[in-house]
Amino acid sequence: MSKLALLGGTPAVTRDRKDAFKWPIITKEDEEAVLEVLRRGGMSGTDITKKFEAATAGWLDMKYALGFHNGTAAVQAAMYGCKVGVGDEIICPSVTYWASVVQAFSLGATPVFAEVDPDTLCLDPKDIERHITKKTKAIVLVHYVGHPCDMDPIMKLAKKYKLKVIEDISHAQGGLYKGRKVGTIGHVGAMSLMSGKSFVAGEAGMFVTNDLEIYERAIAFGHYERFDGKIKTAYLKPFAGLPLGGYKYRMHQLSAAVGLVQLKYHDIRMKEIQKAMNYFWDLLEGTPGLKAHRPDKNSGSTMGGWYFAHGLYKPEELGGLSVTRFAEAVRAEGATACGPGCNKPLHLHALFNTCDVYGHGKPTRLAHTKRDLRQLKGSLPVSESINARTYGVPWFKKFYPEIIEEHANAFKKVSANYKELLKGDKGNSRDLGGWHFFSHR
Ligand SMILES: *Cc1c(COP(=O)(O)O)cnc(C)c1O
């Protein structure tokens, strides 16, 4: 193999990428749908949103779907729907995007972080039980960067302790867990539909549930125009007319129009992504230092749309080479999506340790409890070290074998020549991991 591009050799990736990474895929049909709403001034209505909700409920085979202006609101309303309130605790992963958990504060509740599993990168079912207290109301889990969470043991625990399960499917819409669609297994499935995700409506969110009370509580919370005499939940009826949360959460209909079109093509586009990504990882099978982040082929589970696709890193197989140096070399080969790490662990952020958001005169984390719930450095060793064992991989939207092969070669070449990189390896930054989701290549 030729010399590493980082050290002056020829890059492995040279071909025109064409539209291999282009996302979202917007066609005339999306444009027409948007213009129709725009021209008649229907932006603030709910007619298209209701169609989009019905289509999503049908797609996921769920009774109710409710649209939101973003995924953050959908997750918060799911929490309110599950009666997460003052003094309550939710158990959630530390390694995720903030909008899976921070909303708990606005309800007077607090997140309690549990470990992620180092192979799935999802909430580790084995680390949940020790965090359950009398105050625990719900488990919020994330099918992280497309990988389905191990739902069976989590649902078992939820049943045992009478907890609600909120699935954040922002990374995995349409993905399967043992043959069942993610988002349909817990009590409510909430998702972002912003433009970077693998299911795009523009800037929007949605949740699905089979539970009428969860659905109606979410309507009462932030959908004033639907919170009317038709509400069936008796204890909500007297308050109809005004939003209980003081929020206005309906979806922008230009987004609903896009979402409705995107949904028609989601399964077929996801299939092509799956084919491309599985081909990429099949090519890398057995490459020292690298391991695919995907479920077993025979498990009936899939990666959905492979949002923000990542790989697992085994530095011990490459002489201890840091993932930072490894990723730098892969990027130099032309596979530019290869950043080191994934998401920084949330539990070490000052928001969860010192910040007094609402003026309680103490950290918000402790606003409603006498116990010190803070989780300091060392409390979640897997979450705190996982960024040194993950890296971004190209997120292919199209099955173009030659382009995929070139990118796989970039990773293989760096693995094969790792010894040349040991010298000059300055190690990982202590602050490894990112907040940014927009490097699509
Ligand atoms: C993007 C995202 C959200 C928030 O969705 P927005 O539409 O950006 O508000 C929530 N959870 C996860 C895991 C996400 O990645």
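**Figure 1. Lining of the second largest cavity in the predicted model.** The lining comprises Trp-23, then Ser-198, Phe-199 and Val-200, and finally Gln-262, Tyr-265, His-266 and Arg-269. The volume of the second largest cavity is about 30 Å³. Sorted by class, its lining has four nonpolar residues, three polar residues and one charged residue.

**Figure 2. The largest cavity and the residues closest to its centre.** Two cavities of 30 Å³ or more are present in the structure. The largest cavity holds about 100 Å³ of space. It is lined by 15 residues, of which Gly-108, Ala-109, Thr-110, Thr-364 and His-368 lie closest to the centre. Five nonpolar, seven polar and three charged residues make up this lining.

**Figure 3. The buried residues of helix H4.** Helix H4 spans residues 151-161, and its buried residues are Met-151, Ile-154, Leu-157 and Ala-158. These residues lie on the same side of H4, because they cover an arc of only 130° around the axis. They pack against three elements: strand E4 (136-142), strand E5 (164-168) and strand E6 (176-177).

**Figure 4. The exposed lysines of helix H4 and the residue Lys-162.** Just after H4, Lys-162 adopts a positive phi of about 55°.

Conventions: Residues numbered from 1 in each chain as written. Predicted model: local features only at pLDDT ≥ 70, side-chain atom pairs only at ≥ 80, totals over all residues. Heavy atoms only, no water. 1 Å grid on protein atoms, 1.4 Å probe; cavity = no way out; pocket = protein on both sides within 12 Å on 5 of 7 lines; lining within 4 Å. Points joined across faces, edges and corners; volume = space filled by probe spheres on them. Nonpolar A, V, L, I, M, F, W, Y, C, P; charged D, E, K, R; others polar. Buried < 20%, exposed > 50% of the residue type's maximum accessible area, 1.4 Å probe, protein only. Helix = DSSP H or I, 4+ residues; strand = E, 2+ residues; numbered from the N terminus. Arc of directions from axis to C-beta. Contact = heavy atoms within 4.5 Å.
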